[in-house]
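Work through the exercises below with the sequence and the 3D structure at hand. Each task is followed by a stepwise solution.

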Amino acid sequence: MNATAVTSAHWALSPVGFWHVAQVWRLERTCFGLEDAYDPFTLLGLLGNGRYVRVQARQSNRMIGFVAGEVETRRDTAWIVTLCVDPQSTRQGIGSGLLAEAEQQLAKRVSRVQLTVRKSNHSAIRLYERNQYKWASTLAKYYRNGEDGLVMEKQL
Ligand SMILES: CC(C)(COP(=O)(O)OP(=O)(O)OC[C@H]1O[C@@H](n2cnc3c(N)ncnc32)[C@H](O)[C@@H]1OP(=O)(O)O)[C@@H](O)C(=O)NCCC(=O)NCCS
């Protein structure tokens, strides 16, 4: 990805390496809380593994958004494993921009993308619907606190 491929006056998308692990973890905790955030060891694995595409949004040298998608070649499918935008920077198109860039990279390797979202996460569900994701199935009690997960998918 060209480091300035997608940008606005205030933020820009760029690749992510394992050296960004502390910034990704900070953002994950801010967006999801400790219960749902990936731990640093899982993040390190994700940041150093070629099965994943990873994109960040930066503003004034600070990471304000992150997305990662895992490629499952055998299923011709990718999973968006995390998408998060700093609460102070939401509703500026950053989440949609991150998703679009990840999809563009994933489309070179698979033809479908899926994700799981909490049933109560209306803002994320709205974002995915606006980006042509459709409900595919419901995973009962998928999350640690017993909440159902909605599987949504999109053909690339
Ligand atoms: C969900 C999240 C990624 C959205 O990021 P974002 O940068 O605000 O997304 P966008 O600005 O691209 O929003 C796109 C559309 O999604 C919908 N949307 C986003 N946030 C919303 C909110 N709080 N309430 C209602 N709709 C919302 C809107 O339709 C929005 O378009 P609009 O602003 O033109 O109305 C961000 O709020 C976040 O990180 N939340 C916590 C982590 C999370 O839940 N991640 C998803 C896990 S599956």
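**Exercise 1.** Describe how α1 and helix α2 (residues 40-47) pack.

Solution. The model is predicted: local features need pLDDT of at least 70, side-chain atom pairs count only at pLDDT 80 or more, and totals for chains, interfaces and linings use all residues. Residues are numbered from 1 along each chain as its sequence is written.

Step 1. Helices (H or I, at least four residues) and strands (E, at least two) are DSSP runs, numbered from the N terminus. Axes are lines fitted to C-alpha atoms, for helices over the stretch in contact, with angles from 0 to 180 degrees between N-to-C directions. The axes of α1 and α2 lie 10 Å apart at an angle of about 125 degrees.

Step 2. Angles under 35 degrees count as roughly parallel, over 145 as roughly antiparallel, 65 to 115 as roughly perpendicular and the rest as oblique. α1 and α2 are therefore oblique to each other.

Step 3. With contact meaning C-beta atoms, placed from the backbone, within 7 Å, α1 contributes Val 21, Val 24 and Trp 25, and α2 contributes Pro 40, Leu 43, Leu 44 and Leu 47.

**Exercise 2.** Find the strands that pair with β7 (residues 149-155).

Solution. Step 1. Pairing requires at least two DSSP bridges between two strands. Strand β5 (residues 112-118) is joined to β7 by seven bridges, and the two run antiparallel. Gln 114 stands opposite Glu 153 in β7.

Step 2. Strand β6 (residues 134-139) also pairs with β7 in the antiparallel sense, over five bridges. Here Trp 135 stands opposite Met 152.

Technical notes: Two residues are in contact if their C-beta atoms, placed from the backbone, lie within 7 Å.
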